[in-house]
Amino acid sequence: MTQKSPGPGDTRPGQWGLVAVAWLLVGIPLLWGVWTTLQKAAALFE
Amino acid sequence: MAGFLTRERIVAGPGFNRWLVPPAALAIHLSIGQAYAFSVFKLPLTKIIGITQPAPGDWTQPELAWIFTIAIVFLGLSAALFGRWLERAGPRKSGVAAALCWSAGFLVSAVGVRLHNIWLLYLGYGVLGGCGLGLGYITPVSTLIKWFPDRRGMATGMAIMGFGGGAMIGAPLADLLMKHYATPTSVGVSQTFVTMGLIYLVAMLAGAFLFRVPPPGFTVPPPVRRSRAITVEHAPLRPPLITVRHVHVDTAWKTPQFWLLWAVLFLNVSAGIGILEQASPMIQEMFKGRVTASAAAGFVGLLSLFNMAGRFSWSSLSDRIGRKRTYGVFFTLGPLLYITVPFAGRIGSVILFVAAAALIITMYGGGFATIPAYLSDLFGTQFVGAIHGRLLTAWSAAGVAGPVLVNYIREYQIHHGVPAAQAYNVTMLLMAGLLVVGFFCNLAVRPVAEGFYMTEDQLARERAPATAA
């Protein structure tokens, strides 16, 4: 039988904000990289 | 300070949001993924003395090629050697170690460029950077698997996708920085190394400090519709290949499953390298006059996008269809696609050629991203980082053997009068053959035999430090 853990995995209000900030910090450079690669890749279809 | 980094100090408290771990993992993998973009430095490094063109005394391409080779070898070695330490020390300590090694690699290389001493580049980017790569690769993967027992494939796919995406950031960033720092007396590589080393240090340390480990007895909160918490024991539709027990890292390599998966990774990577290594010349030679050099560069860029996308999508799909079936798809569809590549060349279809190559590359990336989840299914999560580290020697072996095999076969054929455009046919057939062998290796994977699992006592001893805290 599994007992529901009271702590880990649960989220308290505000932590989703931190999650969003953390994802933005890694997502923006990644999107920039994808964008520059797409621009380069466009040459294949010209 | 040392205590601040220990595993015991980073056990997650109540309310910790496990969705903070993937961006932390991505921060590390996006940084070390720069390794795939090392080639942007190659040309400028051949002009350190001559500035506008290589001068006598400047480094040659073959001399510089060793830097990346050494880095990949040390990636495998450090992952294999320090994986056990990672499980004990915890992800924050090993993440900080990875950040220091990776960053120091850039800084030592910058000194090497200043002094024009190639040995400092071998030591810097090659040895130190390679250790940063190895530690940085396995640390997030091990942590994510423990936080996402219900979605292991998706979680590791997110991190390993970052390794594919790192080159997309690293290459244009290096280009921008070298242009910024270039002067009439310098190509700007040394300053670029320093800047990138510091940027990656900050990003990786941020990732390492965000890491937490789940407390003993961690359960995943149930989705709204489910009534009970999910542990790996109760993950929905747990297939027989997913164990709830744990195999010790020192025992894992004695199992046939370890070596079958080693072969699976080795064969999948070797076959993928067959396309990656020859992508640009292959499309230009097969479609002479129709595909220019810049279009070929675009093709290479497109492949890197599919490589990244495949890492996330295939590993996520493996959560639904199982790891064995996912590799089954790679090893069934893969050979057909490898045969399609020369066929597309024969009928002159660029679209078919690009589509086949792109799909092959998704499976190359997918193979990397799905293997940690496959390992944790078979060997449990306790030592998955260390076992994954040892398995990565397959990558190092494929990284050396793959290009040698591909280039040797091509040169052999051209030497015997085969036209350049047709010299790829045999290579592609050979790659298809490697995947067929991989199919049978994957097919032979069965659950680990009972005798290899750790007893409850052994497991308790291993977990003792974390529990005591």
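Arg84(B) is found in helix α4 of chain B, a helix being a DSSP run of H or I of at least four residues, numbered from the N terminus. The model is predicted, so local features need pLDDT of at least 70 and side-chain atom pairs count only at pLDDT 80 or more, while totals for chains, interfaces and linings use all residues. Residues are numbered from 1 along each chain as its sequence is written, and chains are lettered from A and ligands numbered from 1 in the order in which they are written.

Q: Why is Arg84(B) called partly exposed?
A: A residue is buried if 20 or more other C-beta atoms, placed from the backbone, lie within 10 Å of its own, exposed if 12 or fewer, and partly exposed in between. Arg84(B) has 18 C-beta neighbours inside 10 Å, so it counts as partly exposed.

Q: Which residues is Arg84(B) in contact with, leaving aside its neighbours within four places in sequence?
A: They are Val249(B) and Ala386(B); contact requires C-beta atoms, placed from the backbone, within 7 Å.

Q: What makes helix α15 of chain B mostly covered?
A: In α15 (residues 384-391), 8 of its 8 residues are buried. Ala386(B) is one of them. The buried residues of α15(B) pack against helices of chain B including α4 (61-89) and α10 (256-276).

Q: Why is α10(B) described as largely enclosed by the rest of the structure?
A: Because 17 of its 21 residues are buried.

Q: How do you know that the span of α10(B) agrees with its number of residues?
A: The expected span is 1.5 Å times one less than the number of residues. For the 21 residues of α10(B) this gives 30 Å, and the end C-alpha atoms are 30 Å apart, so the two agree.

Q: How do you know that the radius of gyration of chain B agrees with that of a compact globule?
A: The radius is taken over C-alpha atoms, and the globule rule is 2.2 Å times the number of residues to the power 0.38. For 469 residues the rule gives a value near 23 Å; chain B has 23 Å, which agrees.

Q: Why is His116(B) called partly exposed?
A: His116(B) has 13 C-beta neighbours inside 10 Å, so it counts as partly exposed. His116(B) also has a positive phi, of about 50°.

Note on methods:
Helices (H or I, at least four residues) and strands (E, at least two) are DSSP runs, numbered from the N terminus. Two residues are in contact if their C-beta atoms, placed from the backbone, lie within 7 Å.
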